Amino acid sequence: MPMDGAARFDYVIVGGGSAGAVLAARLAEAGSRVLLLEAGGDPLAPPPETSASKIDPATNMPSRPLAPDYRVPAFHAFASENPGISWDYWVRHYADDAQQRKDWRYSAAEDGVLYPRVRALGGCSAHHALIIVRPNDLDWNHIWQLTGDDSWRASNMLGYFRRIERCRYRFFGWRWMWRLLGWDPTGHGWNGWLSTEHAVPLRALRDRSLRRGLLNSIRAAADSFRGGELEWETTRLDPNEVRWWNPFASGVRQVPLSTRRHARHGPRERCEEVRRRFPERLEVRLHAQVQRVLVSGTPPRAEGVVYRQNGIEHTVQAGREVVLCGGVFETPKLLMLSGIGCPAQLTRHGIAPVVDLPGVGANLQDRYEIGVVSRMKRPWQMLSSVTYSTHDRFYRLWSWFGLGNYASNGVLFSLALKSQPTLAVPDLYCFSLLADFRGYYKGYSERIRKPDYLSWVILKAYTGNSAGHVRLRSADPDAQPEVQFHYFEEGNGPAEDLDAVVAGIRFVRKVADAMDDEVAEEEEPGRQRDSDEALRDYVRANAWGHHACGTCAMMPRAEGGVVDSAFRVYGVEGLRVVDASIFPRIPGYFLATPVYMIAEKAADTLLLGR
């Protein structure tokens, strides 16, 4: 088994995704020698000229080119199904078979529901919808209160958002005030590595029925709030602006995107930019699937990792530490394969326990999402002649000028709502799409092509259900783990979670009613489902999620925690976890931004020697 020389790298980082790529870049930039191991390839590297690379195994048809799917904001759904980067998991929402089979997306052959993930440099930032929304202050303060570490205070964590953001959609005067005076009350960053932009397709302004419908919908939303059905505090178009006088407002949002010149830009680009500047400090090895962490000694210490590349096993040693950034499913799996976890589960698969840490793989959480999908009486004018390919004039408009439909991720406008006025922050985030979107299943992205649909997606944040788990199926590193969520009553969350989703459906129906002249039929859930109980049954059967977290929770060990407030794995020296698995509860509304922020914080923690 080939072995790298001892102490050739200060840090070995496992996983080049949303956290790992950011962490590796920051550490190398600060002078550390870093090895980044990524199981996938580079989304923008030329594909190998093999027949397998040209055939999509899901459809047995020629694959779409990967580079445009990655770069074009409007193509993000196609990126998630592009065989060049897709890494599909199959998860169960319910242990009860009868309830699970009520979900029409359930695959009996796979015994689960599709959960799209990515195996590539950049991780899920290579296919996500580019939404950048900063978490609420209470998300960070919750970790501070849980761990007693005041470096997690929201006031301190805001500095990491400022560090990563290069805001390009706010009034330029704020930027100059920050540069000249070092003062900016908006909370934005102006010189970070992640540029944020707004995209308003110009054709949307010329589509009369769409323009009229949007204005009427916004008025309907405001009237519904003012009528007392849901709380309306203020209109706050920018979700990332700091408003000290009213930080938890509900209202209309215009969501920023992580694009640079209206093309996808994120952790991959950050990592590659640093690697080009400091090739002697940052080495990236692609198609390197880590098999286990090398743990030895008393007390146990992580010495390095074993990984497989091109069919050959290699070992590499870390001079200082090993950092796992494999994600919410793969990181607990890798810990368990290394003998760290619940001893009873490990011995069942013939793995010798090294550290008794039963919280590994527990505390799995997700949001609940549901779609209200309407077929329109006529196609949208702005979608006429749109093919979502590189062969139409809209692609040329985007590639030449960064304008038009393809510069947008498809979100028209969004709303942050409180399902109950007594809540501290909005718990519903709803956004509208000119598309037919009903969750994830093989071939779901093809529905995006339909020009005569409007979908409202309702996202239920701050769910109270943490009963899910990730467990090994076998000791084979190539085997996917068992992922079981235990939705709604099967879990440990409150009944209010289900009622909140129903409230969200009723609200967006009222907004959709303002476009009633344009709607032919509400296909999902369907207006025949009108009672609360009928809608509850529909949500139980059809809800999905794609923001899993929590399986290596940052909390006290006695309460089921896996890492401490400095990302250190309990009971193992020289081993840390930095990815979405460390969140004790799901932060905010979208995961990308908080993951980037914790990666920056982890870099500071390591560099300070905590």
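Strand β20 (residues 428-433) is mostly covered, with six of its six residues buried (under 20% relative accessible area, 1.4 Å probe, protein chains only). Strands here are DSSP runs of E with at least two residues, and helices are runs of H or I with at least four, numbered from the N terminus. The model is predicted: local features need pLDDT of at least 70, side-chain atom pairs count only at pLDDT 80 or more, and totals for chains, interfaces and linings use all residues. Residues are numbered from 1 along each chain as its sequence is written, and side-chain values use heavy atoms, with hydrogens and water left out.

In a regular strand the side chains alternate between the two faces of the sheet. In β20, L428, C430 and S432 point one way, while Y429, F431 and L433 point the other way, and all are buried. Strand β19 (residues 411-417) pairs with β20 in the antiparallel sense over five bridges, where pairing requires at least two DSSP bridges between two strands. V411 has L433 of β20 as its bridge partner. β20 also pairs with strand β21 (residues 453-460), in the antiparallel sense and over six bridges; the partner of C430 in β21 is I458.

Elsewhere in the description, two helices are considered. The axes of helix α6 (residues 154-164) and helix α16 (residues 592-607) come within 9 Å and cross at roughly 105 degrees. The axes are lines fitted to C-alpha atoms over the stretch in contact, with angles from 0 to 180 degrees between N-to-C directions. α6 is therefore roughly perpendicular to α16 (65 to 115 degrees). The contact (heavy atoms within 4.5 Å) involves M157, Y160, F161, R163 and I164 of α6 and T593, Y596, M597, E600, K601 and D604 of α16.

Conventions:
Buried < 20%, exposed > 50% of the residue type's maximum accessible area, 1.4 Å probe, protein only. Parallel < 35°, antiparallel > 145°, perpendicular 65-115°, else oblique.
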